Amino acid sequence: MKNTQTLGVALLIGSIAFSGASIAGEASAEALSYTCAGCHGTNGASGGPAMPSIAGMSLAYIVESMKDFKSGERVSTIMTRIAKGYDEDDFTKMGKFFSAQNRHSANQSVGSMAKKGAKLHKDNCEKCHTEQGTVAEDDSGFLAGQWTPYLRYTLVDALDGSHDMGKKMMKKLNKVHEKGGDQDIQALLDYYASLK
Amino acid sequence: MSNFSRRNFIKAGVAAGAVTATGFTPFAIGGSKKQVVIVGGGMGGATAAKYIRMMDSSVEVTLIEANKDYYTCFLSNEVLSGERTLDSLKFGYSGLEKHGVKVVFDYVSGIDAGKQMVNTKGGKSFKYDRCIVAPGIDFKWETIEGYDANEAETTTHAWKAGSQTATLRKQLEDMKNGGTFVMVAPPNPFRCPPGPYERVSQIAHYFKQHKPKSKIIILDPKAKFSKFGLFTSGWQRHYGFDPSNPTAAGMISFVNSENGGTATAYDAKSKTVTAAAGKFKGDVVNIIPAQKAGAIAFGAGLADDKGWCPTEGKTFESSIHKNIHVIGDAAVASPLPKSAYAASSEAKVCAAAVVALLNGKEAPHPTYVNTCYSIIAPGDGISVAMVYDYKDGKIVKVEGSGGLTSTEFDAKLRAREVEYAYSWFKNITGDTFGG
């Protein structure tokens with residue numbers, strides 16, 4: 001995700017202009033989104049730790065993520081294959097559906113370093129992931145209450161170079177990792193798991 | 001009505017449990033509510049029941065299912081390897097009741113398409129405006145001489161998860177180190193195309209840990225199978241298999257149709273399978289016979305001469321009987337495979353069509369997805385996925401979408417496929433049976 005806010009708006013306008021020309025024909029937002037539930041849970045509220053909850057995420061974040069999966073810019077095992085079945089107009093429909101759902105907090109255990117993680121978050125992440133990563137309006141992914149294994153994958157991929165998350169985030173993430181190692185990454189994850 | 005406002009209606013409908021999603025009057029002409037009767041509470045039937053109620057809570061949905069508990073076939077191969085309990089695959093119907101689905105435990109004895117009535121062995125009759133039949137599979141016992149439903153309680157098929165899964169696990173546990181496990185694979189089309197080969201993988205995993213001198217022989221009436229390259233390279237990686245010499249005596253020996261793998265008879269007493277290539281004696285034998293639609297599909301006259309139920313891909317309405325829809329493994333929905341995810345996807349398309357038709361609207365444009373994971377060994381998973389559209393009256397693959405796990409995936413990504421498989425399990429079962 002790079003410069004999501006501006007890109008998101010531009011892309012949203014583009015999608016509306018071309019509405020009706022999607023790969024999935026006239027399939028409705030509901031029809032498209034219901035097919036996601038087998039992996040992401042009913043209406044995007046995931047009960048499986050490796051799969052993110054996508055309920056309540058912003059339209060721009062969902063569309064941008066799907067575009068990145070489709071192009072392969074965002075590393076994945078299966079989302080690249082799935083995203084290639086749709087175009088931007090379909091992504092916009094899905095984004096509208098899931099952004100209208102309530103954010104879902106995972107029911108998971110919390111590690112012991114949440115307090116340290118809170119400080120790391122405040123110093124490094126809060127600027128973009130505002131209000132502890134709970135609001136969709138900042139067009140960044142949810143952190144609070146998101147499944148830890150999923151968040152760990154995204155951070156591991158960023159740190160090992162398989163997913164470039166953009167200059168700003170990579171700089172902060174690398175800084176945290178260089179200074180505090182895997183332990184500080186875990187502290188961040190513990191903190192996000194502690195939030196609802 | 002725009003998508004946006006309709007979605008809000010759906011949300012309100014779920015929350016309040018009373019508002020109709022489509023905004024149509026909840027009462028049919030004559031004052032009674034629209035009735036949908038669903039026959040079979042597997043992945044297809046249960047998903048259709050829940051989603052009809054989510055889409056339009058004014059529709060009365062009655063689900064008739066023979067068993068109080070449902071055991072998922074998917075991940076049941078992990079019960080065979082000892083990686084998971086049979087109980088972890090068990091789901092009940094209380095979640096559907098929370099959605100207002102009326103669940104009736106009974107056997108359906110017949111469907112009267114003319115009178116639009118479903119009759120049960122328990123002596124009840126249920127009138128429907130639309131009926132959805134999701135009977136799953138049955139077996140063509142006549143294809144392997146000496147093997148039948150009765151013998152299957154001893155020499156299992158274990159292709160419907162439950163007691164036979166437990167029986168097969170016990171037989172594998174009791175088998176001596178150095179024993180031979182013979183699996184007879186089914187001809188196409190059949191439920192869960194990668195399933196037999198995940199089964200071999202999981203049993204090989206168990207043998208490798210506990211009975212390393214043991215052998216596995218696959219007798220297959222096909223030349224190749226689903227995820228062929230991924231499975232065989234996985235077997236090579238973990239279990240002793242030579243893709244260039246598949247019938248060689250590594251831990252896994254694959255005898256395909258070209259090498260005489262088509263089984264024709266079984267002698268239960270000596271546990272010997274007769275195939276074109278000769279006789280194969282096993283210490284444990286597992287026979288997965290050729291398949292057809294579940295029995296009720298034949299009773300209701302919904303199946304064709306090949307044994308499956310032809311349907312219209314936009315609504316899954318039977319091509320034979322009006323107002324009856326068939327979904328899941330029993331339906332002809334090619335190119336969708338006979339998988340749990342496809343059954344779920346078909347159920348949602350069917351639910352939307354049924355709700356629209358009951359409200360005097362045209363069935364909406366459908367869209368479908370399939371995703372299927374197989375676990376070769378702990379921390380080593382593979383998958384296949386596909387997006388489908390509906391064009392010119394047919395279900396079609398969306399060009400460029402889907403496909404198999406890349407052969408370039410490293411250990412990190414293959415390990416993730418296993419974690420995704422487990423999370424998929426939680427979410428698809430929650431989506432189907434959850435309240």
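I began with one salt bridge: A:Asp157 pairs with B:Lys412, with the closest N and O atoms 2.8 Å apart. My rule for a salt bridge is a side-chain nitrogen of Lys or Arg within 4 Å of a carboxyl oxygen of Asp or Glu. The count between chain A and chain B is four.

Notes on the source. This is a predicted model, where local features need pLDDT of at least 70, side-chain atom pairs count only at pLDDT 80 or more, and totals for chains, interfaces and linings use all residues. Residues are numbered from 1 along each chain, chains are lettered from A, and side-chain values use heavy atoms, without hydrogens and water.

Next I looked up the extent of the interface. Chain A gives 45 residues to the contact and chain B gives 46 (heavy atoms within 4.5 Å). The buried area is about 3600 Å², 58% of it from carbon and sulfur atoms (accessible area, 1.4 Å probe, lost on being put together, summed over both parts). In chain A, A:Tyr34, A:Thr77 and A:Arg81 lose the most area to chain B, together 21% of what that side buries.

Then I turned to a sheet in chain B. Four strands form an open sheet, ordered β13-β12-β11-β17, with parallel pairing (two strands pair if DSSP finds at least two bridges between them; strands are DSSP E runs of at least two residues, helices H or I runs of at least four, numbered from the N terminus). β13 (252-255) and β17 (284-287) of chain B are the edge strands. I read an average twist of 15° from one strand to the next (angles run from 0 to 180 degrees between N-to-C directions of axes fitted to C-alpha atoms, for helices over the stretch in contact).

Last, I checked one pair: B:Met183 stands opposite B:Ile218 in β12(B).

Technical notes. Buried area = accessible area lost by both parts, 1.4 Å probe.
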